[in-house]
Amino acid sequence: MGNFFPRWTNWLPLKLAIALAFIGAGVSMGIAYYFTPKYTRVGYEPTQPVPFSHKIHAGELGLDCRYCHSFVEVSGHANVPTNQTCFNCHGAGKGNIKSASPKLEKVMKAQETGQPVPWVKLHKVPDYAYFNHSVHINRGVSCASCHGKINEMEVVRHDQTLSMGWCLDCHRNPENNLRPLDQVTNLNYQAKDLDRAAFYKDLLAAGTPAGDIAEVILGGKPGYDVKGVEDLMAIAEKKFGKDVSQLEVGSQLKKHWQIQPPESCAACHR
Ligand code: HEC
Ligand code: HEC
Ligand code: HEC
Ligand code: HEC
Ligand code: HEC
């Protein structure tokens, strides 16, 4: 048998491997570049036609987000309220709060002409990406995770990039952001404010076996001898310390609500 392959081909596998590694690196750098928004939206804060303050209304007055953004739990799109919602308090003869204020002039005009106030829209994902509010709200993701502390903002601004990488960061590790459903519009919520006993009692009351709850606390190890709330409290305190932690809450909710945010292209690009 002759030497079928010339000598230099001995190096071929290695060369191929190096070339592939370079191509790979090039592609991932390309992706990292390509998938980062070219400009940063964080901080974008346009001037609105009416100086409406979330700090006053959602912060100091404590109005729930859903009082005005009433579709956010039931629809893919969040709505901005109509003049009528403002008139519940600012309309002359009704609540009559500051109805003569020059700052409210455009709302009064809008009500007379029947035209909506031309609010400037800030948050927008491109048309080729699909986003739905209600699926997030009803799975324990708070407005705060995506919009920041709106209740402290005089003027709404972009708090997060809303880039694809940002969506995926949470989709890969949702436990960092899940909270009980009744806390979704409480923008001041912190896991450490939760009552640990009540949290585990609720999970047990929902029919989750104590052993399954224990397994999540113990990071996958079975907790055969765990019977009730007392036992759960003991192992949780040992693992997470005195205060309830975000990871403690998030990992339980992820497991028992079977949270599986999609990572496939087709889920968001339909
Ligand atoms: C009294 C009514 C009212 C309440 C309560 C309220 N909002 Fe708003 N919200 C508005 C109005 C009006 C606008 C449009 C003007 C502006 O951007 O300030 C708006 C705009 C927004 C926007 C920006 C929309 C865009 O254009 O992208 C976000 C995000 C938002 N609100 C979140 C919240 C959250 C979160 C809460 C609860 C903490 C909340 N709002 C409570 C009335 C309200
Ligand atoms: C639940 C009642 C309530 C609702 C609903 C409400 N407001 Fe207010 N608003 C208030 C109160 C209370 C103040 C504070 C008044 C003060 O400073 O004494 C205020 C203050 C304001 C001011 C500042 C007025 C000034 O002269 O300082 C503006 C502007 C305003 N609201 C716009 C709106 C708009 C726009 C909406 C609808 C999207 C709205 N408000 C809905 C209760 C409400
Ligand atoms: C998982 C992230 C996420 C959560 C949670 C979330 N939002 Fe949004 N919000 C977005 C994105 C992304 C947009 C832009 C949507 C688009 O372009 O259709 C947006 C847009 C909005 C708008 C503008 C809608 C419009 O058409 O002008 C409002 C108002 C709003 N959100 C309010 C809220 C409120 C109130 C909550 C909590 C009850 C909330 N959002 C929770 C990501 C989120
Ligand atoms: C802070 C966490 C978080 C962020 C940020 C987030 N998501 Fe999600 N997403 C979730 C969770 C939790 C679910 C629910 C998964 C489940 O029900 O199993 C979900 C579900 C979805 C779904 C599947 C539900 C459906 O309607 O088909 C889509 C699509 C989606 N997200 C798109 C997006 C997009 C696009 C963005 C960025 C603009 C985004 N998400 C940002 C947490 C997040
Ligand atoms: C969780 C939702 C989600 C998933 C999953 C997802 N994307 Fe995206 N993608 C987005 C959003 C949102 C944007 C718009 C980002 C922006 O506006 O900055 C985007 C933007 C893009 C862009 C345009 C990038 C640019 O810089 O203009 C491409 C290309 C893309 N996605 C491809 C993919 C591919 C390929 C996959 C599968 C591997 C994928 N996406 C999976 C949400 C998603």
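**Exercise 1.** Find the buried residues of helix α5 (residues 105-113) in this predicted model, and work out how they are arranged around the helix axis.

*Solution.* 
- Step 1. Buried means under 20% relative accessible area. In α5, V107, M108 and A110 are buried.
- Step 2. Look down the axis of α5. The buried residues fall within an arc of 160 degrees, so they line one face of the helix.
- Step 3. Turn to the face pointing away from the buried side. There you find the exposed residues K109 and E112.
- Step 4. Ask what the buried residues pack against. The partner is α4 (83-90).
- Step 5. G114 has a positive phi of about 75 degrees.

**Exercise 2.** Locate the salt bridge between E175 and K254, and say which parts of the chain the pair ties together.

*Solution.* 
- Step 1. Side chains of opposite charge can pair when their charged atoms come close.
- Step 2. Check the distance. The side chains of E175 and K254 meet at 3.3 Å, N to O.
- Step 3. E175 sits in the loop between α8 (164-172) and α9 (196-205), and K254 in helix α12 (residues 246-256), so the pair links parts 79 residues apart in sequence.
- Step 4. Compare accessibility. E175 is buried at 14%; K254 is partly exposed at 30%.

**Exercise 3.** Which residues make the nonpolar surface patch of about 350 Å²?

*Solution.* 
- Step 1. The patch is made by I56, L61, L63 and Y67.

Key. Residues are numbered from 1 along each chain as its sequence is written. Chains are lettered from A and ligands numbered from 1 in the order in which they are written. This is a predicted model: local features need pLDDT of at least 70, side-chain atom pairs count only at pLDDT 80 or more; totals for chains, interfaces and linings use all residues. Side-chain values use heavy atoms; hydrogens and water are left out. Patches are made of residues with over 30% relative accessible area and no salt bridge: like charges are joined within 9 Å, nonpolar side chains (Val, Leu, Ile, Met, Phe, Trp, Tyr) within 5 Å. Accessible areas come from the Shrake-Rupley method with a 1.4 Å probe; for residues, only the protein chains shown count as cover. A salt bridge is a side-chain nitrogen of Lys or Arg within 4 Å of a carboxyl oxygen of Asp or Glu. Buried means under 20% relative accessible area, exposed over 50%, partly exposed in between (1.4 Å probe, protein chains only). Helices (H or I, at least four residues) and strands (E, at least two) are DSSP runs, numbered from the N terminus. The arc is that of the directions from the helix axis to the C-beta atoms. Contact means heavy atoms within 4.5 Å.
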